[in-house]
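My notes follow the model below.

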Amino acid sequence: MVPFKYISPKTKNEVLEILKEEKVKACIVAGCTNVLPNIRDKKIVSKVLVDISDIEELRGISKEKDKVCIGPLTTIAELTNSEAISKEGEVLYQAAEQFADPIVRNNATVGGNLVTASPAADMAVPLLTLDAILKIESIERKRGVRLKDFFIGPEKTILREDEMITGIEFESSNINKNGCFIKLGLRKAMAIAVASIAVNLEVRENKIAQVRIAMGSVAPTPIRLTVVEGFLKNKEVNSNGLIEEAINKVREEVDPISDIRASAEYRRYVSGILFKRAFNKLT
Amino acid sequence: MKKIEIEFTINGKKRRLSVKPNDLLINIIRNDLFLTGSKYGCGIGECGACTVLLNGEPVLSCLTLAATVDGKEITTIEGLAIGDELHPMQKAFLKNGAVQCGFCTPGMILTATALLKENPNSTEDEIRDYMRGNLCRCTGYIQIVKAIKSCENNLETS
Ligand SMILES: Cc1cc2nc3c(=O)[nH]c(=O)nc-3n(C[C@H](O)[C@H](O)[C@H](O)COP(=O)(O)OP(=O)(O)OC[C@H]3O[C@@H](n4cnc5c(N)ncnc54)[C@H](O)[C@@H]3O)c2cc1C
Ligand code: FES
Ligand code: FES
């Protein structure tokens with residue numbers, strides 16, 4: 001077996017050079033909360049561990065004129081301490097407060113959460129309703145990708161072996177300020193979501209001007225519920241039977257499986273309930 | 001496997017070590033430095049028994065690569081007392097009967113000191129919320145929460 005190697009580059013460009021050189025052999029490590037259990041279980045072997053945790057240019061939250069930028073190395077704890085996040089993207093703030101426990105939050109990073117691409121990823125769901133854009137770089141090129149186009153299957157993303165996430169951005173806008181995240185777990189502490197939902201909503205003159213809905217743990221990847229969104233758009237918020245019809249459409253659009261935490265039937269049912277709770281909170 | 005030289009401060013003392021790329025911090029602390037106060041419980045981040053302070057923040061040493069602590073400062077349970085004088089949180093745990101087998105205690109105490117540094121007047125709910133990842137299988141949480149509560153405003157005197 002080829003042994004592990006460890007490198008701790010000090011700049012983003014050094015990382016990109018290493019990724020180009022080592023290709024599939026490289027394994028970026030950020031907070032280690034996913035990588036280390038995988039090393040322990042021998043799911044990750046013989047890799048070049050590229051520790052990015054000391055690269056300051058990849059960390060931090062900044063508010064620019066019309067958008068909020070989050071470095072991929074930003075920890076979940078940093079999100080829970082950020083005024084910019086609680087003001088501009090409350091849905092993400094709420095999700096950060098429900099993430100694992102305060103100790104894990106000190107290590108776990110936003111970038112690591114997205115790249116792991118778990119169907120349950122708690123940062124992915126709110127960032128989907130904030131319509132976040134990922135900045136992805138390799139030594140040869142930079143590209144921006146909408147988060148909703150990033151996930152392609154359980155633990156699979158469009159990220160190529162020589163690429164890394166270098167930034168996460170969302171707009172400062174009315175709809176992004178009005179959001180709600182709910183995570184349903186089997187218990188309160190340290191639970192992986194049985195199902196989770198994020199809703200962002202903008203109402204103008206009593207009509208739904210814009211709505212974004214995302215869910216976790218109810219499909220092979222975190223998903224946007226675009227059919228339900230299309231159905232709700234331009235409807236009067238309080239119109240009769242609206243919620244009931246939307247609940248049915250939520251249950252049609254999700255695509256859950258049964259696992260040790262819950263059955264597919266339960267997940268489908270409870271998806272509708274979570275939608276109702278989140279929507280009612282926002283109206 | 002090629003070893004990496006690291007240098008860090010642990011409980012106020014500078015240490016140099018060679019570690020393997022995939023060595024866990026908990027194993028280095030226990031097996032190389034013989035500081036066996038930090039416990040290896042679950043090994044997957046679920047129990048908090050391995051909690052140490054890294055640059056003052058609580059982290060799980062079972063989910064930390066030893067190589068990443070180069071240049072940093074670690075405090076383990078062995079570093080809290082000053083000589084024979086126990087830290088106020090240690091005294092509070094003893095006084096309130098918050099220790100039974102003691103396996104969870106080092107992690108509990110370190111996490112609790114971090115909480116009170118962040119928020120010296122925590123309510124019981126805030127204590128329970130912050131401590132949610134530190135599991136105890138025998139004392140029960142009532143005494144533990146009571147001990148932490150009794151320590152409020154008292155930490156600065158340590
Ligand atoms: C006890 C425990 C509780 C948890 N609770 C939750 C929870 O409540 N909700 C939740 O969603 N998750 C949870 N997780 C899972 C995990 O903590 C999160 O997914 C975390 O955000 C991962 O971040 P990290 O920095 O630790 O990732 P790492 O383990 O360092 O990396 C994960 C993956 O991302 C890649 N990567 C990291 N950064 C980049 C980058 N910038 N560019 C490209 N690739 C990158 C790595 O190569 C690796 O493949 C939990 C884990 C544990 C152990
Ligand atoms: S041993 Fe580290 S959390 Fe259980
Ligand atoms: S005192 Fe025994 S586990 Fe807590």
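I started with a pair in chain A: A:Glu22 forms a salt bridge with A:Lys25, with the closest N and O atoms 3.6 Å apart. The rule I used asks for a side-chain nitrogen of Lys or Arg within 4 Å of a carboxyl oxygen of Asp or Glu. A:Glu22 is buried at 15% relative accessible area, while A:Lys25 is partly exposed at 46%. Here buried means under 20% relative accessible area, exposed over 50%, and partly exposed in between (1.4 Å probe, protein chains only).

For the record, this is a predicted model: local features need pLDDT of at least 70, side-chain atom pairs count only at pLDDT 80 or more, and totals for chains, interfaces and linings use all residues. Residues are numbered from 1 along each chain as its sequence is written, chains are lettered from A and ligands numbered from 1 in the order in which they are written, and side-chain values use heavy atoms, leaving out hydrogens and water.

I moved to chain B. B:Arg16 forms a salt bridge with B:Glu7 at 2.8 Å between the closest N and O atoms. B:Arg16 is exposed, at 57%, and B:Glu7 is partly exposed, at 28%.

Next I checked B:Arg128, which forms a salt bridge with B:Glu124 at 3.0 Å. Both lie in helix α4 (residues 124-130) of chain B, 4 residues apart, about one turn of the helix. I took helices as DSSP runs (H or I, at least four residues), numbered from the N terminus. B:Arg128 is partly exposed at 37%, and B:Glu124 is partly exposed at 40%. Shared partners also join A:Asp131, A:Arg146, A:Arg224 and A:Glu229 into one salt-bridge network.

How many salt bridges cross the interface of chain A and chain B? The rule finds 1. B:Lys72 and A:Asp54 meet there, N to O at 3.9 Å.

I then looked at the contact (heavy atoms within 4.5 Å). Chain A gives 29 residues and chain B gives 29 residues. The buried area is about 2300 Å², with 63% from carbon and sulfur atoms. That is accessible area (1.4 Å probe) lost on putting the two parts together, summed over both. In chain A, A:Tyr6, A:Arg40 and A:Ile103 lose the most area to chain B, together 27% of what that side buries.

Technical notes
Helices (H or I, at least four residues) and strands (E, at least two) are DSSP runs, numbered from the N terminus.
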